[in-house]
There are 4 protein chains.
Amino acid sequence: MTTTDPHVDEPTAEELRALDELYAAFEAAHMTPLWTQIGGLMPTAPRPDSVPMLWRWSTLLPLAERAGALVPVGRGGERRAIALANPGLPGTAYATPTLWAAIQYLGPREEAPSHRHVQTAFRFVVEGEGVWTNVDGGDGRVDAIAMRRGDLLLTPGMHWHEHQNTTDHPMAWIDGLDIPLVRTLDAGFFELGPEELATRETPALSRNERLWAHPGLTPVGAPPPASRLASPLMAYRWEHTDRALAAQLALEDEGHPGVVEPGHAAVRFTNPATAGDCLSTMRCEMHRLRPGTATASVRTAGSAVWQVFSGSGRVSVGAEGWDVGTGDLFCVPSWAALRVETDGGLDAFRFSDDPVFEALGLARKETP
Amino acid sequence: MTTTDPHVDEPTAEELRALDELYAAFEAAHMTPLWTQIGGLMPTAPRPDSVPMLWRWSTLLPLAERAGALVPVGRGGERRAIALANPGLPGTAYATPTLWAAIQYLGPREEAPSHRHVQTAFRFVVEGEGVWTNVDGGDGRVDAIAMRRGDLLLTPGMHWHEHQNTTDHPMAWIDGLDIPLVRTLDAGFFELGPEELATRETPALSRNERLWAHPGLTPVGAPPPASRLASPLMAYRWEHTDRALAAQLALEDEGHPGVVEPGHAAVRFTNPATAGDCLSTMRCEMHRLRPGTATASVRTAGSAVWQVFSGSGRVSVGAEGWDVGTGDLFCVPSWAALRVETDGGLDAFRFSDDPVFEALGLARKETP
Amino acid sequence: MTTTDPHVDEPTAEELRALDELYAAFEAAHMTPLWTQIGGLMPTAPRPDSVPMLWRWSTLLPLAERAGALVPVGRGGERRAIALANPGLPGTAYATPTLWAAIQYLGPREEAPSHRHVQTAFRFVVEGEGVWTNVDGGDGRVDAIAMRRGDLLLTPGMHWHEHQNTTDHPMAWIDGLDIPLVRTLDAGFFELGPEELATRETPALSRNERLWAHPGLTPVGAPPPASRLASPLMAYRWEHTDRALAAQLALEDEGHPGVVEPGHAAVRFTNPATAGDCLSTMRCEMHRLRPGTATASVRTAGSAVWQVFSGSGRVSVGAEGWDVGTGDLFCVPSWAALRVETDGGLDAFRFSDDPVFEALGLARKETP
Amino acid sequence: MTTTDPHVDEPTAEELRALDELYAAFEAAHMTPLWTQIGGLMPTAPRPDSVPMLWRWSTLLPLAERAGALVPVGRGGERRAIALANPGLPGTAYATPTLWAAIQYLGPREEAPSHRHVQTAFRFVVEGEGVWTNVDGGDGRVDAIAMRRGDLLLTPGMHWHEHQNTTDHPMAWIDGLDIPLVRTLDAGFFELGPEELATRETPALSRNERLWAHPGLTPVGAPPPASRLASPLMAYRWEHTDRALAAQLALEDEGHPGVVEPGHAAVRFTNPATAGDCLSTMRCEMHRLRPGTATASVRTAGSAVWQVFSGSGRVSVGAEGWDVGTGDLFCVPSWAALRVETDGGLDAFRFSDDPVFEALGLARKETP
């Protein structure tokens, strides 16, 4: 503290020795003074350890394929998923302090066995098809959900789930989970299910979609969701997402509101039983930038991961900047300014910890 | 009170005179004793004045057509709407103590001028098309909404609205409002808008649908609704309703849950910004009975009005019963047992005051 | 409708006959046109049938005493309660379209037997003591609640309750219930309990108070309330109310916020488990005006009943005005402007249907 | 993964080399496979790094006094607070992954200058008095709050606050903040206020108490709280807490419900404007064990810190156990079983991250 006030007299040698003794006593007593740490503990604005980072699809996919050749899928490892590891969080496999993001790869006819966990999860498909994710419908009945390009598939917390590739070609997609948050909070529980798949059905539409994917329509007799935080709709199809984004830009062309900002359309994936976020701890959105669009620079308390779904553009996150194309993933640490621009147009998927920040009264946003 | 206890001695003539004086004094003081009224005021179960009642479409439509020939539409009368008047509520135009239901008729090229009111309203179309309802989007911008067979169109409270028939043929539909409830509560405000239509556009899809009628997708940049109780989605199309009902029955065929009871599918029209009822004071639902189905007999605290949308069947409400077909309307007073059966299948639209009962903690239901 | 548009040609005799036939056909078909009724059904602002009205305590109490001498209390009549009957609502016993208010009178050693009902109820004590209201704690256990001057005692919906006078003197108080609302909605259920009192205990503090009447403190192990709408605290003591009102005026004296308007303090009685209104359908408040205060004139959608608790003043409601003193009751119909002024200071209890209006999105207030 | 399945053939040297290359490629690409980490990332039940730990008041207080002699309070260090550092979280000053707990010490006539921060905070006083905490009332007006033995004082997020010791003796108390949680989430903002105290008033009761500390009474005209998550009541006095706990044990003596378990009373400090937790991210409770009581062993997802307020007993947390007395603090890591027993009776203050777990759907509890 004396260092912070130059008007105080220099401490004497005796005082310095007394201070040394005091700090040693603190350490022996498992105590740490605030005054030597406050800047790190309570910065004037978020000072994340995680850094802006880009992972290119052209790097990820070949490595996933290589893992497909060398590493079996099965009980114990559970999933052939390779996570984005933020260099600012060394020793972890975290994209940000709250978000885990990975490429998952399933070879021809491969299966990943059933398990369930407190961690909420989604899959987003940037290319390919042929895998079904079988998810507990919340009522103990397994629901087989097809995975196709552009689709978002949910696995709410503690819902059993397993994957099967029904084709002769491999498939890769991204997984998003709140693993870091749950790990930090010491909140996780995990259970193994049977080795055998619960179903080998491959319906085009899952039962949850057939009941819940109708706009503004609630099925009166549907089994109640497992909880307010578990969306009964677990598949959001590209066909609907694409149509909703196109409509926003068409409305803009006609002079009507609907877009986030000029040239920038966005939809949020929501739980139709509550209208809240589709997952309790992660927000999922799809953004579309019209050709020739640049977003405003925005910074947000909380972190996010983006994946380019189609098109290309230039992204800046804090002091970093990259040219990006289909499949590329990047993370946005808390309070880092984000700006996206595109010549030819760009669609991008975003997920973030916004629901956590909003639930705890921590949300904050500004356009610098 | 003496009448309720036979063991008490008969009152003397003097006592009777004193009682007479007391009751006269009550009356002069604008007071009424509970003990003479309690049975009527606080019955052991609801004892509605309104009665079960059927109105046949074959009666309503010709009378509406006749009114079309004789009575102009315009400022003052506002709408050529003829309400269902429950015989148990004489002197009123109420279908039930809370619900107003009417057939509205608009001749070729006719218009109904703009107004707004606290009362929430919907239109449901049992036949025909060609009319557009222009509704304030909640942000002061007018949104032209096409009306077609099977569609439900909303006018949340205090949203400006007007109608125009763009064709050379007439069109009729039903209006539902909470007029009786708002009148009883003395809660109503009403304002006239301009004589001239705000727009003559006739888009196939309204702007509110283009933004909000995508399953599980919330438009991030859409203008916020006027209030939590005002649905930003104001048109629910038959195409979606039909598909949702068909899916429930198909799931039943496959042995999965989803229907209300065997052979009985139902969807509720909901506000996609809250997942609550589409209107603050009225619940709207579409029901489908498979051929050969009979519902359980159910009674509910609160009242409802039904309209057969297609098919035919037999309905019993309390002690009444009718054969019903397309367009026929009937009301279900509070706590009257309702049962519907059909040989050939039947679709029916239902609206009720359930949201009021639920908000006030008054909801109750039983299968006798 | 022709009457509303002077520019339309006068109808011919034939047209008039055709119209007569149409209206006769409407009547035969149990139909009522909107255009002849719209002014009454949907006025531009609330046009209540109920009228501003004053009932003087000096009238009510002697009549209640007289009833005490002539009319027994017991099964059937249930309570010796005499209701305020609004002259604008003839044939009813309603103070307003939603609120029932009565003076209840219990003679020395008298008892009123147990019953329960959907209708929510409270007692407010303007003078006297010695009666205990035994109320179901929501967990089936009876809780004896002392009634003393200035106290507010609740009976949430479907809670068993009974009264006993343990003294040799009579006691009178006011009862408030939502009888008219529940009757209009056909929502009421009523059950008789045993003839014999469930308890004859006379504790100074009820168990619900001992658990719940601590500021900002929730009892972790208390039985959960019967529902979100049933307050677990059922007695609000004058000592606390008085202290809270005094504090607001003292803060005003010191230049700090807290009062509603200059010289006007007010507290609302709330459910400590939700912070919402103490009853699901009625708001209860106590107001204090400092000597020399006049409130602003305010009108509110929804109706209220007030009772002067102490002091005196002058009240105007719409076009009416009265000098009022302790015990006097008056009603405020919807949208009638209310103004209260006092020379010597005045405390008044208010109850209203505000929770209904807020739950249904109907609340509105203005200072003309 | 091969290690998890003994039935797979041993890899060849070539396969091992290929795997080595793959893992090196992962590392170069900032990627981490799930299958090598899943046990640590997603354990079957919480496996906290933090450990059960006891800090004795007899150690803390002398060190705080020594710091009082050697380290000035003032701008930069901000507060003479010395935090409990969990040995399982080396390099941090965290009691648990979400909670920061410290002893704060203010010498005679000392002051700690104004600042504000996103982190929510409270003070709890185990002994002494004479310090006032001046807190922003949420409306920009400073409210001086006395600190006395047994009191809980709040500083909701972003409320300016400062301390002054008005006496000639020192005072120490504990501070609780959500610093670790906010730091992990990168959610923190911090601002310095003026050097000079905003007020030197020393009222016995703060203004927030005078408005809000009345049981079941909401001040109608009080300024609205800064947010739903900011309690307008910021001081909970020992007098009320003690009375509430005593009432629960008295009710138990009389055979009525109210205690958490036999001999164990508890109150939760709640926001009177919402009935939710008093702070957005921390739950605060006071527990009282009757002499001769032992609690059930309970484990909870989420962590907590306890301070013995009076009496003595024996505590076991997971595999650890200690005899404890007044002022002693201990932490309970997530899912560690907690059991407390006492011969002579014991009062203890508890704070935890339960509100975070409940908001995010992560709460879980069991009695092993």
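Me: How many residues of chain A are in contact with chain D, and how do I read that?
Reply: Contact means heavy atoms within 4.5 Å. Here 90 residues of chain A touch 89 residues of chain D. Mind that this is a predicted model: local features need pLDDT of at least 70, side-chain atom pairs count only at pLDDT 80 or more, and totals for chains, interfaces and linings use all residues. Residues are numbered from 1 along each chain as its sequence is written, chains are lettered from A and ligands numbered from 1 in the order in which they are written, and side-chain values use heavy atoms, leaving out hydrogens and water.

Me: What area is buried between chain A and chain D?
Reply: Buried area is the accessible area (1.4 Å probe) that two parts lose on being put together, summed over both. For chain A and chain D that's about 7,500 Å², with carbon and sulfur atoms giving 72%.

Me: Which side chains meet in a salt bridge there?
Reply: Look for a side-chain nitrogen of Lys or Arg within 4 Å of a carboxyl oxygen of Asp or Glu. The rule finds two salt bridges across the interface of chain A and chain D, one of them between A:R183 and D:D49 (3.4 Å, N to O).

Me: And how many aromatic pairs are there over all chains?
Reply: A pair of aromatic rings is described by the distance of the centres and the angle of the planes. Rings of Phe, Tyr and Trp (its six-membered ring) pair if their centres lie within 6.5 Å; planes under 30 degrees apart are stacked, over 60 edge-to-face, the rest tilted. The structure holds 52 such pairs over all chains. Among them, B:F122 and B:F351 sit edge-to-face, 4.7 Å centre to centre with 75 degrees between the planes.
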